[in-house]
Structure formats: structure tokens, C-alpha cells
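Below is a short note for a colleague who has not looked at this model before. The points are numbered and can be read in order.

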Amino acid sequence: MEFFPALLDRKASDAAAGRIEAKIAERGWGLWAAELKASGEFIGFIGLQPPMVELPCSPCVEVGWRLAQAYWGKGLATEGARAALRFGFEQLGLDEIVSITVPTNRRSRAVMERLGMQEDKDGLFEHPAIPPGSPLRLHCLYRLGRARWSELL
């Protein structure tokens, strides 16, 4: 949550999980719980979702992840996001999947680049859900189209 405006307390976290569950029940896909294969331990979430607010790239579907810090740098976000991209392109028939973050979030940007996503050089924007003046308001946009994804397989 380093690049989010605030940490969630237990009540807000449970409410967010409830909203994620409801969207999966409604659509059949979304932000899925991520677990370690060996132990089944919950480590965060990875998946696809339309942004909750209108973005310059809307309408769109975003690939995203949030993992507990103990699981950073192990390739788990990349592995899970690849599976989410495959689902999005093969099962949902999406033409493009996007991802966004603040420019200083080097770890997430590295995951996006390992996935084959390309930064939209004209894609810098102020995130409408982040308060003006916040150092987290500026976001960059990465894109991956179906044709490029097919080339990367």
C-alpha cells in the first residue's frame, strides 16, 4: 500500500473484499485471491477489473495486484498477472488490457514491463480518485493489446 493514499483498517479491508466478491459473483471474474501453491496461504490478490472511476483510457479493463510485502520480488505478481492476462484475452476476448501506477512505483512498473506491457508516453494523467496536491495523484498508463500479447507467447 506504499503507493496508495492510506492503509485500510480491518473494517475498510473487509468492505473492499466484499465489493470484490460481489463483482466476481456478478461478472464471473475480477480480482482473485492469490495463494501460495505449496501451502494455500493467502498472500494478496491479482486479477482484472474495470477501474472504479472514469480514467482517460476508459472504458477499459485493468490488470492489477496487491501482495503482502513478504512476497515481493519473488515473481509471484508477474506469474499471477500473466494468468490474468491469458484469461482476459482468451476467455473474455478483450482487445486490450491496461495497468496504471504512480511513476515512482518502480516495482509495479517492472512487473508491467515483464508482462510485455508498454508505457503510453501520452498516458500521464491525474487520477480522479486521488486528492489534488497529493504526490500520488499523477499516474502513468501501460497498455497491452491482444496482438502484442499473442506475439509474446
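1. Helices (H or I, at least four residues) and strands (E, at least two) are DSSP runs, numbered from the N terminus. The model is predicted: local features need pLDDT of at least 70 and side-chain atom pairs count only at pLDDT 80 or more, while totals for chains, interfaces and linings use all residues. Residues are numbered from 1 along each chain as its sequence is written, and side-chain values use heavy atoms, with hydrogens and water left out.

2. Start with a loop. Gly 73 sits between strand 3 and helix 2. Buried means under 20% relative accessible area, exposed over 50%, and partly exposed in between (1.4 Å probe, protein chains only). Gly 73 counts as exposed because its relative accessibility is 82%. From Gly 73 to Leu 92 the separation is 19 residues in sequence and 29 Å in space, C-alpha to C-alpha.

3. Next, the interior. A nonpolar core here is a set of buried Ala, Val, Leu, Ile, Met, Phe, Trp, Tyr and Cys residues joined through side-chain atoms within 4.5 Å. The largest such core has 26 residues, and Val 63, Trp 65 and Leu 85 touch the most other members. At least two residues each come from strand 2 (42-49), strand 3 (62-67), helix 2 (76-91), helix 3 (106-114) and strand 7 (138-145). Helix 2 gives the most, six residues. Another core, of seven residues, lies apart from this one; Leu 55, Cys 60, Val 98 and Leu 141 are among its members. In soluble globular proteins, nonpolar side chains tend to be buried together.

4. What does Trp 65 touch, not counting residues up to four places away in sequence? Contact means heavy atoms within 4.5 Å. The partners of Trp 65 include Phe 45, Ile 46, Ala 77 and Ala 81, as well as Ser 99, Ser 108, Val 111, Met 112 and Leu 115.

5. Thr 101 belongs to strand 4 and is buried, because its relative accessible area is 6%. Its side chain makes a polar contact with the side chain of Asn 105 at 3.0 Å. A polar contact is a pair of N or O atoms within 3.5 Å; within protein, one must be able to donate a hydrogen and the other to accept it, and residues adjacent in sequence count only if both atoms are side-chain atoms. Leaving aside neighbours within four places in sequence, Thr 101 is in contact with Ser 108, Arg 109, Met 112, Leu 138, His 139 and Cys 140.

6. Now the charged pairs. A salt bridge is a side-chain nitrogen of Lys or Arg within 4 Å of a carboxyl oxygen of Asp or Glu, and the count by this rule is nine. One of them joins the side chains of Lys 37 and Glu 79 (3.1 Å, N to O). Lys 37 is in the loop between strand 1 (31-35) and strand 2 and Glu 79 is in helix 2, so the pair ties together parts 42 residues apart in sequence. Lys 37 is exposed at 76%, whereas Glu 79 is partly exposed at 40%.

7. The side chains of Glu 96 and Arg 143 also meet in a salt bridge (2.8 Å, N to O). This pair links distant parts of the chain, with Glu 96 in strand 4 (residues 96-101) and Arg 143 in strand 7, 47 residues apart. Glu 96 is partly exposed at 31%, and Arg 143 is partly exposed at 27%.
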